[in-house]
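Here's a quick briefing on one helix and one of its residues. Have the structure open while you go through the points.

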Amino acid sequence: MISVPEALSLLRENLPEPKVVYVPVEEALGRRLAEDITSPEPSPRYTSSAMDGYAARWQDVQNVSESNPARLKLAGESQAGVPYEGVVAIGEAVRISTGAMLPDGADTVIRVEDTSEQGDVVQIMACRKQGQDVRYAGEEFIAGTVIMAHGLVVTARQVALLSAVGAHQVPVYDTPRVSLFITGTELAHHGDGDIKPYQVRDSNAPMLKCAVREAGGTLVNCMHVEDDLETTVNSMAEALEHKSDIILCSGGVSVGRHDHVKEAAERVGFQQLFWKIRQKPGKPLFVAKKGRTLLFGLPGNPVSAFMCFQNYVIPSLAALQGVDYLKKSLSARAEVAIENSGSRTDFIRVTIRDEPNTVPTVKPIPQQGSHMLTSIVKADGYIVVEPKTTLQPDDLIEVFRF
């Protein structure tokens, strides 16, 4: 058996490089950017009006008032998408719409409510300052500005900005491909209402399917495998044919006569990285590698499988998406003494109390049994407590959220 830090170190050393793909901007939703995005153009692209009104020269309107209006000749109009082609001369004005290009010669926009149009003349009765209601080219950012950082998850907001600057193809990390197979002849489908007395409903398949999706992976196939060596070998070979980045096996990794995952992995060419970790729950975790494919032999116990997924599979899925972590941990104080008197690292499930203007606190949930699914359902996360260690009340500890 190896320690938890040794297992994590071995895993980091054997993580495959993430793959980068270019996708249309609308397909980038929910993906992580594989590089900084630099804008090829300024924003705004051109100088325009922020209001409906009239474009004019400041020198013609700087001293106007209701009692002393300026009378300017209307030379034309600038609409959004239909700019005025001429130059605004001294004593002239041009009608302008919101978003329309500011004509050459003009430097100020006078709002409609401060004007009165009469035939081919507009009276300007108020203008606060030079350049009012003008949006200048590049005032948001100039060409060459980094507008999005590497590792950012693209949302609808980012899609809007990428589209606005003409970024049609976007570099993102490829979604990790995950194959899942569940071992256990005793398992019945979770939807079966009437099962045999010796059967249990499969909770690992639905749980792990959802966990993979939550962590940004794509499930390429899911198989139920009976406790038979040849069947297990064939299922692993099929998973490899799907070019999976990660293969998740649930069950069959202990030392019983019907535990075949480890031997089947060796038969199809996987090289063992480690097997068995000094931890609870999840001691019999088996991890192997073939090419760029990682295989995780998770315990069949649902709580153990979930905890191993949290501590080892999620960091691997994060690395395949170009980041160090998918979930941020937090620091909290122990509400009560928390003891690990055993010889293995303990993943203790806890509830978190996080109130405004205070340091969060944690306390273990009462039932920690690895056979009790409520130990993960009622918990907000877990803490890692080393053997022969006791946390005293108010001690700080890192908490990993579920």
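Arg213 and Glu214 are the exposed residues on the face of α4 that points away from its buried side. Keep in mind that this is a predicted model. The helix itself spans residues 204-214, and glycine 216 comes after it with a positive phi, near 90°.

**The buried side of α4**
- Buried residues here are Asn204, Ala205, Met207, Leu208, Ala211 and Val212.
- They sit on the same side of α4 because the arc they cover around the axis is only 160°.
- Strands that these buried residues pack against are β13 (177-183), β16 (218-225), β17 (246-250) and β21 (293-298).
- Helices α7 (302-320) and α8 (374-377) are packing partners of the buried residues too.

**Zooming in on asparagine 204**
- Asparagine 204 belongs to helix α4.
- Its relative accessible area is 4%, so asparagine 204 counts as buried, the cut-off being under 20%.
- Leaving aside residues up to four places away in sequence, asparagine 204 touches Ile182, Ser250, Pro299, Gly300, Pro302 and Ala305.

**Polar contacts of asparagine 204**
- With serine 250, asparagine 204 makes a side chain to side chain polar contact of 2.6 Å.

- Threonine 108 is 96 residues from asparagine 204 in sequence, and their C-alpha atoms are 67 Å apart in space.

Terms used
Residues numbered from 1 in each chain as written. Predicted model: local features only at pLDDT ≥ 70, side-chain atom pairs only at ≥ 80, totals over all residues. Heavy atoms only, no water. Buried < 20%, exposed > 50% of the residue type's maximum accessible area, 1.4 Å probe, protein only. Helix = DSSP H or I, 4+ residues; strand = E, 2+ residues; numbered from the N terminus. Arc of directions from axis to C-beta. Contact = heavy atoms within 4.5 Å. Polar contact = N/O pair within 3.5 Å; in protein donor to acceptor, adjacent residues only side chain to side chain.
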